[in-house]
Amino acid sequence: MLSFPRVVACSRTCSRFLGLSLGTASLFAAGANIALLFPNWDTTYLTRGLIGKHAMLGAGIWGGGFMVLVAATLISLTGYFSDRAPCLHMLIALLSSSLALLGALVCFITSGVALQDGPFCMFDTSSFNQTQAWKFGYPFKDLPNRNYLYDSSLWTSICLEPSKAVVWHVAFFSTLVCISLLQLLLVAIHVINSILGLFCSFCEKS
């Protein structure tokens with residue numbers, strides 16, 4: 001049977017591991033969002049203002065990236081003094097969890113909406129009306145009775161520029177959805193771990 005001191009030690013180790021995992025995930029989230037600003041690694045779309053609103057919002061940079069990274073740093077630090085100040089440890093755990101939760105949720109919701117709306121690309125408006133013209137917009141957002149996510153034949157027939165715009169959009173926003181879900185799971189584990197560590201710290205001193 002595990003003793004209280006051993007459980008407290010495991011809790012501190014777990015905090016450091018969770019902090020490292022969250023920090024790594026935040027860097028991947030920021031990287032995925034940065035890639036969305038440069039379709040096919042072409043900088044001209046960004047300089048011409050032809051980047052979609054979801055990517056420009058930068059939820060993966062400041063939400064799933066910076067906010068989660070700050071929280072991860074705090075979580076890692078709590079692993080070093082949780083035995084000396086359990087109440088302070090719990091306070092920092094709650095603050096860091098709230099910060100990471102908010103950042104991950106913003107990233108998850110934004111990425112989910114981006115996948116639903118589809119990529120920002122140049123398309124032929126004659127597909128939707130009788131006048132032949134090309135413009136940048138969200139052609140899949142108002143596409144009736146068809147979901148582009150399940151119909152790959154639409155990926156190259158509708159979006160004309162950038163090339164492989166749909167693949168780029170789906171790949172990186174799906175990555176952000178997965179990363180933010182992982183971050184939410186790690187935050188939940190951190191909350192449980194912090195409560196367990198606090199309880200065992202008090203039992204150890206009593």
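**View A. Trp168 and Phe172 lie four residues apart, about one turn of the helix, in helix 7 (residues 165–205).** Helices here are DSSP runs of H or I with at least four residues, strands are runs of E with at least two, and both are numbered from the N terminus. This is a predicted model, in which local features need pLDDT of at least 70 and side-chain atom pairs count only at pLDDT 80 or more, while totals for chains, interfaces and linings use all residues. Residues are numbered from 1 along each chain as its sequence is written, and side-chain values use heavy atoms, with hydrogens and water left out. Trp168 counts as buried because its relative accessibility is 15%, whereas Phe172, at 21%, is partly exposed; buried means under 20% relative accessible area, exposed over 50% and partly exposed in between, with a 1.4 Å probe and protein chains only.

**View B. Five aromatic pairs are found in a search of the whole structure.** Rings of Phe, Tyr and Trp (its six-membered ring) pair if their centres lie within 6.5 Å, and planes under 30 degrees apart count as stacked, over 60 as edge-to-face and the rest as tilted. The pair of Phe140 and Tyr148 is stacked because the ring centres are 4.7 Å apart and the planes stand at 25 degrees; Phe140 and Tyr148 are both buried. Trp168 and Phe172 form a tilted pair, with 5.0 Å from centre to centre and 55 degrees between the planes, and ring pairs link Trp41, Trp168 and Phe172 into a cluster.

**View C. Lys53 lies over the face of Tyr138.** The distance from the ring centre is 5.6 Å; a charge sits over a ring if NZ of Lys or CZ of Arg is within 6 Å of the ring centre and within 35 degrees of the ring normal.

**View D. Thr156 is placed in helix 6 (residues 154–157).** Thr156 is exposed, with a relative accessible area of 68%. Although Thr156 and Val166 are ten residues apart in sequence, their C-alpha atoms are 7.8 Å apart in space.

**View E. Two of the spans that an unreviewed UniProt entry annotates as "transmembrane region" are residues 20–39 and 88–115.** Such annotations may be inferred rather than shown by experiment, and their positions are given in the numbering used here, with feature names shortened. Residues 20–39 are 85% helix and 0% strand, with end C-alpha atoms 30 Å apart, while residues 88–115 are 100% helix and 0% strand, with end C-alpha atoms 40 Å apart.
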